[in-house]
Amino acid sequence: MEMPAIFLVGLFCVLFNDGTEVDASQPEFQNFQSCNLMVNESQPYRTSYHFQPPKNWLNDPNGPMLYKGLYHLFYQYNPNSALFGDGMVWAHSVSYDLINWVHLNHALHPTEPFDIKSCWSGSVTILPGNKPVILYTGIDANNTQVQNLAMPKNLSDPLLKEWIKFSQNPVITPPIGIEGDHFRDPTTAWLGADGKWNVIIGSSINDQGMAILYQSDDFVNWSRYQDPLYSKEKTGMWECPDFFPVSVNSTNGVDTSVINPGVKHVMKASFNSHDYYMIGTYVPGMEKYIPDTDFTGSNTDLRYDYGKFYASKTFFDSVKDRRILWGWINESDSAEDDINKGWSGLQSIPRQVWLDRSGSQLVLWPVEEINKLHDKQVSIQHKKLDGGSVLEIPDITASQADVEVLFELPELEEAELLNSTWVDPQKMCTDANAAVRGRLGPFGLLALATEDLTEQTAIFFRIFRGHNAYTVLMCSDQSRSSLKEKVDKTTYGAFVNIDPQHEKISLRSLIDHSIIESFGGEGRTCISSRVYPQLAVHKEAHLYVFNNGTQSITISKLNAWGMSKAQFIYEENCFSYKASQ
Ligand code: DQQ
């Protein structure tokens, strides 16, 4: 697209002018107590430490970044309803620690022909000179998906409160052969050695999902590369692709533009309601992505999370040298329930992402800052759990808790034989829920449970013996999570890539009223679920560790904490930062 010189000059002034460096490390809160958004106790499903706005619909995380000491999270938000609809905006919040948040005014809302129906998902790229720029999908009056730029009005404002849409938007429109409603969600751009910026955009042609590659010298004029960076038949429309390097021999993250022999590349795509990823090699110049293992369309494909988790996005935290993942976790209740609650949708606890030692999968782990919310602690050590026993973890707020447990299996060789037809872990968990006794397992946690266990969500393991190896199955069983009807109680399951002969079985669950995020095998398998107990709410919620196998196991170590509430405030009248130079 040809760009009149005057507009280019204008854009470059906004993108490349040096703002005065401001140290934003001194926040000031006014009337903090009265500003903290209060939770209505009649709302048992609102969370205490997960990110959510006070009301209405939330979906995809957009453009997460760290800028001048502040974390920014933008997200898809419907200001008019607890349900999805036209008029989606980029809501905007900032944080010093990824846990406590200040809600700012919306960064982008539909105002122009190129986004008049909605401002849909996209990403932030930080251009040289520490200049963030948003590239997002606008829905125009014809429902065509076009890609638009927006720049901060004032780069010296660490809050980046105001964003200006580029006057020459859209900068990318659907190419010939791509349907106007199958062209969205640009990624964070990476800079090639040839000086070109690269972004991918999600699309599909006849059910063949793809990441279409665009390149630019100036971030304004974009040309489509001849082939998609990757495509795969029968995967359907790829939403919110993400493409980033991971270090081969370190848990540290690396900047999105790093390309060298010390990294592998992750390609993530959101389709069929899940976030799937591949690990592979990126060949710049030829613009090829060669996955170690391709998507197969079966349950062996790698997922960030085997429960609820969608439209996620990562960013590189250059201060702590880590890559952080945010994902949208939607509701499992009905639209009618959402209207009554007045809200719908959560963001996951941000997770640090790195390549597993095996090189064959990622590891995801809650960011360390979440530990700041740890309140009262209970510990158990070296405790035998006979087959058929349930042990309460007392004295903590079981409705908002963080629990980590390490199981030892002294009778490992007693594990049941794995039947060769058992290849679908979710089906295995559904067919044999927590009530079905095995030999080694089910054992794990009963969260958000009533004292009589009529309501409970069981997060558990079963161990099986094969010819040469053991198989570890992890399940999240929602079948008894609520007496409420009209709630999706699907059970989730996945294998955990660990060898119980050499490693103890670990489980961490973050429990927060209506969400349980569970991390098995030190973050190699994650399962998030949404649950709506009717009785096991607030003080009536209990937490147990259980063993419903016939063989005994040992709790080698258990630490559980009640969690304090995270703070969510509105900027107006409640928050200002003191700039020190
Ligand atoms: N959500 C956005 C789209 C994206 C979808 C609209 C994924 O841009 O494809 O809110 O959840």
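Tutor: The structure holds 1 cavity of 30 Å³ or more, a cavity being a set of points on a 1 Å grid over the protein atoms alone where a 1.4 Å probe fits but cannot get out. The model is predicted, with local features needing pLDDT of at least 70 and side-chain atom pairs pLDDT 80 or more, while totals for chains, interfaces and linings use all residues. Residues are numbered from 1 along each chain as its sequence is written, and side-chain values use heavy atoms, without hydrogens and water.

The largest cavity contains about 40 Å³ of space, a volume being the space filled by probe spheres on points joined across faces, edges and corners. Its lining consists of Tyr-49, His-50, Phe-51, Leu-98, Ile-99, Trp-101, Trp-326, Ile-349, Pro-350 and Phe-568; a lining residue has an atom within 4 Å of a point. Of the residues lining the largest cavity, 9 are nonpolar, 1 is polar and none is charged (nonpolar: Ala, Val, Leu, Ile, Met, Phe, Trp, Tyr, Cys, Pro; charged: Asp, Glu, Lys, Arg; polar: the others, Gly among them).

The largest pocket holds about 680 Å³ (a pocket is an open set with protein on both sides within 12 Å along at least five of seven lines). Its lining has 36 residues, and Asn-299, Thr-300, Asp-301, Tyr-306 and Phe-495 lie nearest the centre. By class, 17 residues of the pocket lining are nonpolar, 14 are polar and 5 are charged. Strand E34 makes the largest share of this lining, with 4 residues. Elements that each supply at least two residues include strand E18 (274-283), helix H4 (425-431), strand E33 (470-477) and strand E37 (525-530); helices (H or I, at least four residues) and strands (E, at least two) are DSSP runs numbered from the N terminus.

The largest pocket lies between domain 1 (40-47 + 57-366) and domain 2 (375-563), because both give residues to its lining. These bounds come from an automatic or database assignment. Residues 50-366 are 2% helix and 48% strand, with end C-alpha atoms 12 Å apart. For residues 372-561 the figures are 4% helix and 48% strand, with 11 Å between the end C-alpha atoms.

The ligand is surrounded by residues including Asn-59, Phe-84, Trp-120, Arg-184, Asp-185, Tyr-310 and Trp-328, each with a heavy atom within 4 Å of the ligand. A polar side-chain atom of Asp-60 is 2.7 Å from a ligand nitrogen atom, and one of Gln-76 is 2.7 Å from a ligand oxygen atom. For Glu-239, a polar side-chain atom is 3.0 Å from an oxygen atom of the ligand.

Some backbone details remain. Most residues other than glycine have a negative phi, and most peptide bonds are trans. Ser-273 has a positive phi of about 65° and sits in the loop between strand E17 (263-271) and E18. The bond from Asn-169 to Pro-170 is cis, with omega near 0°, and Pro-170 is in the loop between strand E9 (163-165) and strand E10 (183-184). Gly-441 and Pro-442 are also joined by a cis peptide bond, with omega about 5°; Pro-442 lies in the loop between H4 and strand E31 (443-449).

Terms used:
A polar contact is a pair of N or O atoms within 3.5 Å; within protein, one must be able to donate a hydrogen and the other to accept it, and residues adjacent in sequence count only if both atoms are side-chain atoms.
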